[in-house]
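Please look over the sequence and the structure shown here before reading the briefing. The notes that follow are grouped by topic for a reader who is new to them.

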Amino acid sequence: MPIFWTILLFLLGAAKGKEICYEDLRCFSDTEPWAGTAIRPLKVLPWSPEKISTRFLLYTNENPNNFQTLLLSDPSTTEASNFQTNRKTRFIIHGFIDKGDESWVTDISI
């Protein structure tokens, strides 16, 4: 039983948390609510958008079957896209295992 409590305390961590900041996003810490909770017991800071290769796949009435790739690091991709601020926009956020270009994303975006 002592091993269980040792592991639990290690995972939850009692020390002051670490923090990492990404330009244009914000800062993230390894404390609650991002970590150290029952749902997120591991204290792991998020990877950088560059490492993850963050991108946004845009489907519009003009391109319902093929997405346009929008990059946070390149605003010209949004300017050159079919995105219009006067239209309703919905965001579909996939899980961390998916890449976002699976068929279920296309199916629910139509």
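**Briefing on the predicted model**

Glu 50 lies in helix 2, which spans residues 49-52; helices (H or I, at least four residues) and strands (E, at least two) are DSSP runs, numbered from the N terminus. The model is a predicted one, in which local features need pLDDT of at least 70 and side-chain atom pairs count only at pLDDT 80 or more, while totals for chains, interfaces and linings use all residues. Residues are numbered from 1 along each chain as its sequence is written, and side-chain values use heavy atoms, with hydrogens and water left out.

**Overall layout and confidence**

- The protein chain contains four helices and four strands, and from the N terminus on these elements follow the order α-β-β-α-β-β-α-α.
- The average pLDDT of the protein chain is 80, and 82% of the residues score at least 70, where pLDDT is the predictor's confidence in each residue, from 0 to 100.
- Among the elements of the protein chain, the lowest mean pLDDT (61) belongs to helix 1 (residues 2-12), and the highest (95) belongs to helix 3 (residues 76-79).
- Where pLDDT is low, the predicted coordinates should not be read in detail.
- Of the 110 residues in the protein chain, 17% are buried; buried means under 20% relative accessible area, exposed over 50%, and partly exposed in between (1.4 Å probe, protein chains only).

**The hairpin and its disulfide**

- Strand 1 (residues 19-22) and strand 2 (residues 26-29) run antiparallel and are joined by four bridges; two strands pair if DSSP finds at least two bridges between them.
- Ile 20 has Phe 28 in strand 2 as its bridge partner, and Cys 21 stands opposite Cys 27 in strand 2.
- Three residues lie between strand 1 and strand 2 in this hairpin, and Asp 24 in the turn has a positive phi of about 70 degrees.
- Cys 21 and Cys 27 also form a disulfide, with their sulfur atoms 1.9 Å apart, and the count comes to one disulfide under the rule that a disulfide is a pair of cysteine sulfur atoms within 2.5 Å.
- The torsion about the S-S bond of Cys 21 and Cys 27 is about 105 degrees, so this disulfide is right-handed.
- Cys 21 is partly exposed at a relative accessible area of 43%, and Cys 27 is likewise partly exposed at 34%.

**The second largest pocket**

- About 220 Å³ of space lies in the second largest pocket, a volume being the space filled by probe spheres set on grid points that are joined across faces, edges and corners.
- On a 1 Å grid over the protein atoms alone, a pocket is an open set of points where a 1.4 Å probe fits, with protein on both sides within 12 Å along at least five of seven lines, and lining residues have an atom within 4 Å of a point.
- Its lining is made up of Tyr 22, Glu 23, Asp 24, Pro 49, Glu 50, Thr 54, Leu 71, Leu 72 and Ser 73.
- Glu 23, in the loop between strand 1 and strand 2, is exposed with a relative accessible area of 71%, and its C-alpha atom is separated by 9.7 Å from that of Ser 48, 25 residues apart along the chain.
- Glu 50 counts as exposed at 61% relative accessibility, and the C-alpha atoms of Glu 50 and Ser 73, which are 23 residues apart along the chain, are separated by 8.9 Å.

- Asp 101 sits in the loop between helix 3 and helix 4 (103-109) and is partly exposed, with a relative accessible area of 38%.
- Asp 101 and Phe 67 are 34 residues apart in sequence, and their C-alpha atoms are 8.7 Å apart in space.
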